[in-house]
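Biologist: Could you walk me through this one while I have it open on the screen?

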Amino acid sequence: GDLRRVAFVWHLTGEWDERSGGDLVWCSPHRRFAPSFNTLFLFPVHGASHHFVQPVAAGTPRAHRRLAINGWFCCEDEAW
């Protein structure tokens with residue numbers, strides 16, 4: 001089974017232009033979060049935690065790439 005319990009996305013992008021895309025999008029309820037330097041998102045992983053990252057617009061300068069570290073906290077204990 002899936003051992004993922006908590007997901008994280010740590011944004012490390014500085015000086016982001018929101019017109020460049022790259023938002024973390026939560027599907028239900030629909031919300032968008034633009035990359036913001038040193039911002040950490042934590043959220044539970046379950047059947048309804050649908051999300052995605054918008055593509056970064058073509059032509060975004062190399063110096064302004066979207067940079068993030070993401071992963072999961074995994075645990076065999078389902079009560080977690």
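Predicted model: local features only at pLDDT ≥ 70, side-chain atom pairs only at ≥ 80, totals over all residues.

Biologist: What kind of peptide bond joins Ser28 and Pro29?

Modeller: The bond between Ser28 and Pro29 is cis, with omega at about 0 degrees.

Biologist: OK, and which residues other than glycine have a positive phi?

Modeller: Glu15 is one of them, with phi near 50 degrees, and Asn38 is another, with phi near 60 degrees.

Biologist: Where is Glu15 found, and where is Asn38?

Modeller: Glu15 belongs to the loop between strand S1, residues 4–11, and S2, while Asn38 lies in the loop that links S3 to strand S4, residues 39–44.

Biologist: Is Glu15 buried or exposed?

Modeller: Glu15 has a relative accessibility of 71%, and because the exposed class covers values over 50%, Glu15 counts as exposed. Asn38 has 49% relative accessibility, so Asn38 counts as partly exposed.

Biologist: Let's switch to secondary structure. How many helices and strands are there?

Modeller: The protein has zero helices and six strands, and read from the N terminus the elements follow the pattern β-β-β-β-β-β.

Biologist: In what order do the strands around S2 form their sheet?

Modeller: That sheet is open and made of three strands in the order S3-S2-S5, with antiparallel pairing. Its edge strands are S3, residues 31–33, and S5, residues 51–53, each of which pairs on one side only. On average, and with direction ignored, neighbouring strands of this sheet are turned by 20 degrees against each other.

Biologist: How many bridges are there between S2 and S5?

Modeller: Strand S2, residues 24–26, pairs with S5 over three bridges in the antiparallel sense, and within S5 the residue that stands opposite Val25 is Phe52.

Biologist: What holds paired strands together in general?

Modeller: Strands of a sheet pair through backbone hydrogen bonds, and the arrangement can be either parallel or antiparallel.

Biologist: And which strands form the sheet with S1?

Modeller: S1 belongs to an open sheet of three strands in the order S4-S1-S6, where the pairing is antiparallel. S4 and strand S6, residues 68–74, are at the edges and have a single partner strand each, so one side of each is left without a neighbour in the sheet. Neighbouring strands of this sheet are turned by 15 degrees against each other on average, again with direction ignored.

Biologist: How many bridges join S1 to S4?

Modeller: S1 and S4 run antiparallel and are joined by six bridges, and Ala7 has Phe43 in S4 as its bridge partner.

Biologist: Now the whole chain: what box do the C-alpha atoms fill, and what share of the residues is buried?

Modeller: Taken along the principal axes, the C-alpha atoms fill a box of roughly 45 × 20 × 20 Å, and buried residues make up 26% of the 80 residues.

Biologist: What share of the contacts comes from residues 24 or more positions apart?

Modeller: Among contacts with a separation of 6 or more, residues 24 or more positions apart account for 79%.

Notes. Residues numbered from 1 in each chain as written. Heavy atoms only, no water. Pairing = 2+ DSSP bridges. Helix = DSSP H or I, 4+ residues; strand = E, 2+ residues; numbered from the N terminus. Axes fitted to C-alpha atoms, helices over the stretch in contact; angles between N-to-C directions. Buried < 20%, exposed > 50% of the residue type's maximum accessible area, 1.4 Å probe, protein only. Contact = heavy atoms within 4.5 Å.
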